[in-house]
Amino acid sequence: MDPHITTPDLFGALRRDRPDMLLANRYALGACLGEGRLGTVHAAFDLQTRRVVALRLLNAVHEEDAFRFQQSFRVALTLKHPHLLEIYDYSLTAGRPFFTMDLVRGETLQTGQPMPEALAVNVAAQLLLALDYLHARGLLHRDLKPDNLRFTTDGTLKLLDFGMLDPIGVAHADQISGTLAYMAPEVFQGRPLSATADLYAVGVLLYQLLCGELPFVAESSHELIDAHLRRSPPDLAARCPGLSPALADLVMRLLAKNPSARPQRAGDVLRELMPALSPAIAQEAERQGYSYLLTTG
């Protein structure tokens, strides 16, 4: 379905039958696309712009949580990048916050089996382009995981979900939020976070894409946190023979316990990946301002 359709047939019928499903006198709710702890995501028809969007309706949450979501998505409204999900509107209905966003119709990133190295580095590069854009604006994503990475129908990777956007340098000593399998050790320690916290998650994702398994697996949350804090990940080169030694080394450095031992910027990682990127992704990096990455020698 074209996201800019001009005749809301299904949604028009829904409005007549279920006027309670019309939010803010503007959005007609359609099918539920997903449900999580914090709320649900629906297809919705925007009567004002006459396009189909995704609408995330949050459950009743604590006032502090609602305020944080509101602040995060107000920031997200200002972000425009080819690899970031576009946010359209933020509002309230019956005291519940909701926001609308681009409806990405492709598949989420699949991690159940090893991905060819050439494909994995191009996926990672698209994510790194999005992260560098965020980091340059002083923002961390803080919830990188396969479920938050989706491909459009033309194969472009989109980074989703801005519910945990935070300024670089902020610490949350009293609250751990995110997905444990991808969280950097310093998050659990309540330390101020730099761009390297997101880059640690990139390392976890790359490890998972290249060998089909996470670097750390545990039977409990406590054991998983302890693994991130204290255990060295199994050596990627030994676990997945045949990988480029340079790529395996890069992933292991991204997974360093000490943030200062990791590459410090998304651009640093892109520079190391550049020789393996497809021409189209390399050209995109250049257009974004990475012409210095294309130097020889």
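## A loop arginine with positive phi

R142 sits in the loop between β7 (139-140) and β8 (149-151). Helices (H or I, at least four residues) and strands (E, at least two) are DSSP runs, numbered from the N terminus. Phi of R142 is near 75°, a positive value in a residue other than glycine. R142 is buried, with a relative accessible area of 11%. Buried means under 20% relative accessible area, exposed over 50%, and partly exposed in between (1.4 Å probe, protein chains only).

R50 also has a positive phi without being glycine, here near 60°. R50 belongs to the loop between β3 (39-46) and β4 (51-58). Its relative accessibility of 36% makes R50 partly exposed.

## Model and overall fold

This is a predicted model, in which local features need pLDDT of at least 70 and side-chain atom pairs count only at pLDDT 80 or more, while totals for chains, interfaces and linings use all residues. Residues are numbered from 1 along each chain as its sequence is written, and side-chain values use heavy atoms, with hydrogens and water left out.

The chain has 10 helices and 10 strands. Of its 297 residues, 50% are buried. Contact means heavy atoms within 4.5 Å. Among contacts in the chain with a separation of 6 or more, 61% are between residues 24 or more positions apart.

A search of the whole structure finds 1 aromatic pair. The partners are Y27 and F98, arranged edge-to-face, at 5.8 Å centre to centre and 80° between the planes. Rings of Phe, Tyr and Trp (its six-membered ring) pair if their centres lie within 6.5 Å; planes under 30 degrees apart count as stacked, over 60 as edge-to-face and the rest as tilted. The pair links distant parts of the chain: Y27 is in strand β2 (residues 27-35) and F98 in strand β6 (residues 96-101), 71 residues apart. Y27 is buried, at 1% relative accessible area. F98 is buried too, at 0%.

T100 lies in strand β6 as well. T100 is buried, with 1% relative accessibility. Leaving aside neighbours within four places in sequence, T100 is in contact with Y27, V53, A54, L55, I87, Y88 and D89. R96 is another residue of β6. R96 is partly exposed, at 28% relative accessible area.

## Helix α3 and its two partners

Two packed helices are described by the angle between their axes and the distance between the axes. Axes are lines fitted to C-alpha atoms, for helices over the stretch in contact, and angles run from 0 to 180 degrees between N-to-C directions. Helix α3 (residues 117-136) packs with helix α9 (residues 266-273) at about 155°, their axes 9 Å apart. That makes α3 roughly antiparallel to α9. Angles under 35 degrees count as roughly parallel, over 145 as roughly antiparallel, 65 to 115 as roughly perpendicular and the rest as oblique. The α3 and α9 crossing is left-handed. A crossing is left-handed if the near helix is turned anticlockwise from the far one by less than a right angle, and right-handed if clockwise. From α3, the contact uses V121, A124, A125, L128, L129, L131 and D132; from α9, it uses A266, G267, V269, L270 and L273. By class, this contact of α3 with α9 has 10 nonpolar, 1 polar and 1 charged residues. Ala, Val, Leu, Ile, Met, Phe, Trp, Tyr, Cys and Pro count as nonpolar, Asp, Glu, Lys and Arg as charged, and the others, Gly among them, as polar.

α3 also packs with α5, at an angle of about 165° and with axes 10 Å apart. The two are therefore roughly antiparallel. Their crossing is right-handed. E117, A120, V123, A124, L127, L128, L131 and H135 of α3 meet A195, D198, L199, V202, L205, L206, L209 and L210 of α5. The residues of this contact divide into 13 nonpolar, 1 polar and 2 charged.

## Helix α5 against α8

Helix α5 (residues 195-211) and helix α8 (residues 245-254) cross at roughly 140°, and their axes come within 8 Å. α5 and α8 are therefore oblique to each other. The crossing is left-handed. α5 contributes L199, Y200, V202, G203, L206, Y207 and L210, which meet L247, V251, M252 and L254 of α8. This contact of α5 with α8 has 10 nonpolar, 1 polar and no charged residues.
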